[in-house]
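Please look first at the sequence and the structure shown here, and keep both in view while reading the explanation below.

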Amino acid sequence: MNFAFSEEQEELRRTVRQFLEAKSPETEVRRLMETAEGYDTSVWKQMGQELGLQGLAIPEEHGGQGFTFIELGIVLEEMGRVLLCAPYFASAVLAANAILNAGTDEQKSALLPGIASGDTIATLAFTEPSGKWDAAGITLEAIESGGKFTLSGEKMFVIDGHVADLIVVVARTAGTSGTDGISFFTVRGDAEGLTRTSLSTMDMTRKQAKLEFNNVVAEPLGAPGSGWPAFSKTLDQAAVALSNEMMGGAQKVLEMSVEYAKVRVQFGRPIGSFQAIKHKCADMLLEVESGKSAAYYASWAAAEDNDELPVVAALSKAYCSEAYFHATAENIQIHGGIGFTWEHPAHLYFKRAKSSEIYLGDPTYHRELLAQRIGI
Amino acid sequence: MDFVDTPAEAAFRAEVRAWLGEYLRGEFAALGPGNGPSDETGWDVRVEWEKLLGADRWVGLTWPKEYGGRAANLAEQIIFNEEYTRAGAPTRLSFFGEGLFAPTLIQYGTEEQKQRFLPKIQAVEEMWCQGFSEPNAGSDLANIQTRAVLDGDEWVITGQKVWTTLAHRADWCFVVCRTEPDSTSHHGLTYLLCPMDQPGIEVRPLRQMTGSAEFNEVFFDGARTAKENALGPVGEGWKVAMATLGFERGTAFMSSQLAFEGEFADILRIAQKNGSAREPALRDELANAYAGLQVMKYNGMRMLTNLVKRGDVGPEASIGKLFWTTWHKRFGETAMSVLGADALTVQRSQDGDYEVDDLHYIFMASRAETIYAGASEIQRNIIGERVLGLPREPR
Ligand SMILES: Cc1cc2nc3c(=O)[nH]c(=O)nc-3n(C[C@H](O)[C@H](O)[C@H](O)COP(=O)(O)OP(=O)(O)OC[C@H]3O[C@@H](n4cnc5c(N)ncnc54)[C@H](O)[C@@H]3O)c2cc1C
Ligand SMILES: Cc1cc2nc3c(=O)[nH]c(=O)nc-3n(C[C@H](O)[C@H](O)[C@H](O)COP(=O)(O)OP(=O)(O)OC[C@H]3O[C@@H](n4cnc5c(N)ncnc54)[C@H](O)[C@@H]3O)c2cc1C
């Protein structure tokens, strides 16, 4: 057994942290979260060209660096730490994995190199206005006629859907329900009949869009009708990726709390000397470290692509989202009045945590998945 | 124990109901209950509404008759709040003036001060804000550094207050200052009443995580107020401030607790509509929220009975404050769960600013409730030390 990152992996973390500290300080996060696009094109280019981050876990034969989910997890953790505003999760996690899971070799070769270099921003559109995260939530039907597919309907909460060049859409073949008939399609962001509307997100650092499809011609990705295994796996991988990202944010707010508890003086003493505060910090550490254990283990399972993935994905998403939200809430409490202001970053993490908790399904949903998957 | 209205109480209830039935119409009814003491939506219409309340002495309900009040007892106050909430009437404007300052003034003010200030509160002609907290005096309120010195027949105030809710709306501030230069902690403080509209005062808004700016920094740079505007004895402002905090932790939030019933009804309606009320985990959450709400009410009634019998709420007010703020915070999380994926999005104001709807407002603003009016950690210390008699933490 060896539950530790390798020296190369630690080096990757240092490099990414340095890059993000320089490129995504709080001032940049605040600037970008107020823009419509929500990311900085030159930073995005640098991420792709200098660090190769978008293609980190994409196989070399498709233009990527061929690293594993473990390295991807490290990068996401660092991004979560600084609340990087960029379509990375949408493109490098959601879309790239959907294509890897569902696409034919030919499609992978056609679509992935652009994503890997960062030239293409891609996303995955699956959730609909019903706000469901599972197969039953997919009601948009793909209509086939003369060998061509068209899509009509609505997708909601599509991360970075307003800027994506390439949209991977999860739909279903006509007349199917449940996990039957699940199908992947690709659509260009500027496709005819597609209307994209930016949503006002609670978490301003991560943009979402509503996509309305009106007879949009779509290209099947893989064989239509049999996409459920690929979709299910994509969701599990996304849950693992998000768990890692959340733990980066959780670690950051823990550090903020501890730092503040050391310097803020009331009653002539640092507030961290009061057990009420000290124990809060200790509990946060306990949860953050435990969350990391779950997230890292899940990364390994995803990297191995083994049978444990579905179980640990559900488990880590449930645990890490609660740990993250709790840490951000305590961080506000420990900061007192200042923690409630717009100027202080505490609320940015708090809102990211709540949104991440809900996105892909809340802890209750994931515990239900877990119960099913372990046969309860 | 008896929870049924006496004939006198029933008559009072009928009077309140009839009044609300007659006046709560049109634009006033359209305002809806709103979002607690610092909510500013529909401000001007609410001022008009509050003036109607004041004219018929519903503002100052509990004040002695000689100051324009109705000398209502606690039972009547509760009845009024119940009926007011049930009718869905607008959030009251004068939390700081009527809720905190007026009872302190009645307890500590001179006859002249009461005659000077109470009618203006009732007529909604003067709004108040609370100038207690400072950058280095939050939980440790006694560490106040803002100074006031007498210059002839005026106090001259210099220093900074922070988190001052609605200071930008206020005509007056009750501000606790250090008036004995070499004093420390709770000695040598004086509770001054200071007009806001003057060159020596600058109010700078602070934006909150909800996106709106309800609180402020207030800078006093040689601000002036008349010598007679000290409330209570000079040098004994701590005692007066503690009375205000007592009202803040105790009776002033009574009506907020009733407002929670409305919030619960709203969330339940949404949960039934979007189907989340059928999900076992959320049913449990909602039922738990309801149970907490009722227990909060029973707690409140017991606390108020003590108030009637003993004349003060005492440290037990901390139990109420800790309970309702903890409950409301969790309730805000329940609200987000009920919204499900819809919780991911908020509204935008017309000019594109971050703006939250009622449920997100509860979710976010409830975070402040365990911080202001004595943070939860402080409330627990009070309960431990003053209710249970545990030895004091080293401070
Ligand atoms: C089943 C069992 C097996 C044991 N086996 C062994 C053994 O094999 N060998 C051995 O040497 N001992 C053993 N112990 C003793 C054990 O180590 C002590 O019970 C323990 O150290 C606590 O000491 P105490 O019982 O005197 O409680 P106290 O130290 O008096 O503590 C009482 C309470 O006060 C709290 N407290 C104390 N100090 C602080 C502080 N600074 N801040 C906050 N809270 C505080 C404690 O957390 C606890 O809740 C055993 C105890 C149990 C219950
Ligand atoms: C929305 C809002 C509105 C407000 N409105 C007003 C207003 O109108 N007028 C006004 O005067 N003030 C107002 N306040 C200020 C409020 O009263 C203070 O924020 C509060 O007293 C806490 O002080 P602080 O912010 O300095 O935090 P601190 O006192 O620095 O506390 C930071 C953390 O340390 C903890 N802590 C401090 N001391 C101890 C201890 N001894 N033991 C254990 N834990 C401790 C606290 O509980 C908190 O978690 C408002 C605050 C908010 C958030």
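The paragraphs that follow treat a ligand and its surroundings, then the nonpolar core, and then a single threonine.

This is a predicted model, in which local features need pLDDT of at least 70 and side-chain atom pairs count only at pLDDT 80 or more, whereas totals for chains, interfaces and linings use all residues. Residues are numbered from 1 along each chain as its sequence is written, chains are lettered from A and ligands numbered from 1 in the order in which they are written, and side-chain values use heavy atoms, with hydrogens and water left out.

Ligand 2 is placed between chains A and B. A residue is taken as near the ligand if one of its heavy atoms lies within 4 Å of it, and of the 30 residues around ligand 2, those that come nearest are R264(A), S139(B), W163(B), T165(B) and E377(B). By the grouping in which Ala, Val, Leu, Ile, Met, Phe, Trp, Tyr, Cys and Pro are nonpolar, Asp, Glu, Lys and Arg charged, and the others, Gly among them, polar, this shell divides into 17 nonpolar, 11 polar and 2 charged residues.

Oxygen atoms of ligand 2 lie 2.6 Å from a side-chain N or O atom of R264(A), 2.6 Å from a side-chain N or O atom of S139(B), and 3.0 Å from a backbone N or O atom of F132(B). Taken alone, ligand 2 exposes 970 Å², of which the protein buries 95% (areas by the Shrake-Rupley method with a 1.4 Å probe).

Helices here are DSSP runs (H or I, at least four residues), as are strands (E, at least two), numbered from the N terminus. At least two residues of the shell around ligand 2 come from each of α8 (275–304) and α9 (309–335) of chain A and α12 (376–387) of chain B, and α12(B) gives the most, with 3 residues.

In the largest nonpolar core, which has 162 residues, Y88(A), F89(A), F126(A), L151(A) and F184(A) touch the most other members; such a core is a set of buried Ala, Val, Leu, Ile, Met, Phe, Trp, Tyr and Cys residues joined through side-chain atoms within 4.5 Å. Helix α7 (residues 228–263) of chain A gives the most to this core, with 16 residues.

T146(B) sits in the loop between β1 (128–131) and β2 (147–151) of chain B. Because its relative accessibility is 1%, T146(B) counts as buried (under 20% relative accessible area, with exposed over 50% and partly exposed in between, using a 1.4 Å probe and protein chains only). The side chain of T146(B) makes a polar contact with the side chain of E134(B) at 2.7 Å (a pair of N or O atoms within 3.5 Å; within protein, one must be able to donate a hydrogen and the other to accept it, and residues adjacent in sequence count only if both atoms are side-chain atoms).
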